Amino acid sequence: MARELHHLLERVGAATTCGKLAAIPDAQGWFPGLIEGEGAVHGALYRTRAHFTLTDLARLDAYEEAIPGEPERSLYLRVEREVVLADGSLHIAQVYLFNRPPPPGAVPIHGGSFRQWLAERGEAAFSGLREAD
């Protein structure tokens, strides 16, 4: 489902935001959890293409288990955060903030890069399919 929506997004570039990062274990691979805290988390900034709709956003929220208006039931919260691009420019972006204490087996990613952590450890990223009902 995430790949299906990916064509609706355009990569702007590498970006960094404040926080901590944890690798969250799952039977179908690892997934990243951005957590409030001190540090730098590295990822990418994307913008929506012209044909991106509110229905697409709702599907993305469902994939991330972010339930607008129901934070107590949400695995992630979609929030606005300041991000910095490689050229130093500041942007306000929506990010998914992990909304639970890290579960048993979660691993702090001290370097702040999930992709780098996966590569260094030879781990697989989450490959499961979650879909809105």
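Rings of Phe, Tyr and Trp (its six-membered ring) pair if their centres lie within 6.5 Å; planes under 30 degrees apart count as stacked, over 60 as edge-to-face and the rest as tilted.

**Entry 1: ground rules.** I am working with a predicted model, in which local features need pLDDT of at least 70, side-chain atom pairs count only at pLDDT 80 or more, and totals for chains, interfaces and linings use all residues. Residues are numbered from 1 along each chain as its sequence is written, and side-chain values use heavy atoms, with hydrogens and water left out.

**Entry 2: aromatic pairs.** I looked up ring pairs and found five in the structure. Y76 and Y96 have ring centres 6.5 Å apart and planes at 85°, so I noted this pair as edge-to-face. Y76 sits in strand β3 (residues 76-85) and Y96 in strand β4 (residues 90-98), so the pair ties together parts 20 residues apart in sequence. Strands here are DSSP runs of E with at least two residues, helices are runs of H or I with at least four, and numbering goes from the N terminus.

I then checked Y76 against F98: this pair is also edge-to-face, at 5.3 Å centre to centre and 70° between the planes. F98 lies in strand β4, 22 residues from Y76. Y76 and Y96 are buried (under 20% relative accessible area; exposed is over 50% and partly exposed in between, with a 1.4 Å probe and protein chains only). F98 is buried too. Elsewhere, W30, F114 and W117 are linked into a cluster by ring pairs.

**Entry 3: nonpolar cores.** A nonpolar core is a set of buried Ala, Val, Leu, Ile, Met, Phe, Trp, Tyr and Cys residues joined through side-chain atoms within 4.5 Å. The largest has 17 residues, and those touching the most other members are I24, F31, F52, L75, Y76, Y96 and F98. Two or more residues come from each of β1 (9-26), β2 (29-48), α2 and β4. I listed what I24 touches (heavy atoms within 4.5 Å): leaving out residues up to four places away in sequence, its contacts include W30, F31, F98 and A106. A separate core of 12 residues includes V41, V107, F114 and L118.

**Entry 4: helix α2.** Which residues of α2 are buried? In this helix (residues 54-63) they are D56, L57, L60, D61 and Y63. Viewed down the axis, they fall within an arc of 160°, so they line one face of the helix; the arc is taken from the directions from the helix axis to the C-beta atoms. L54 and T55, on the other side, are exposed. Just after α2, I noted a positive phi of about 55° at E65.
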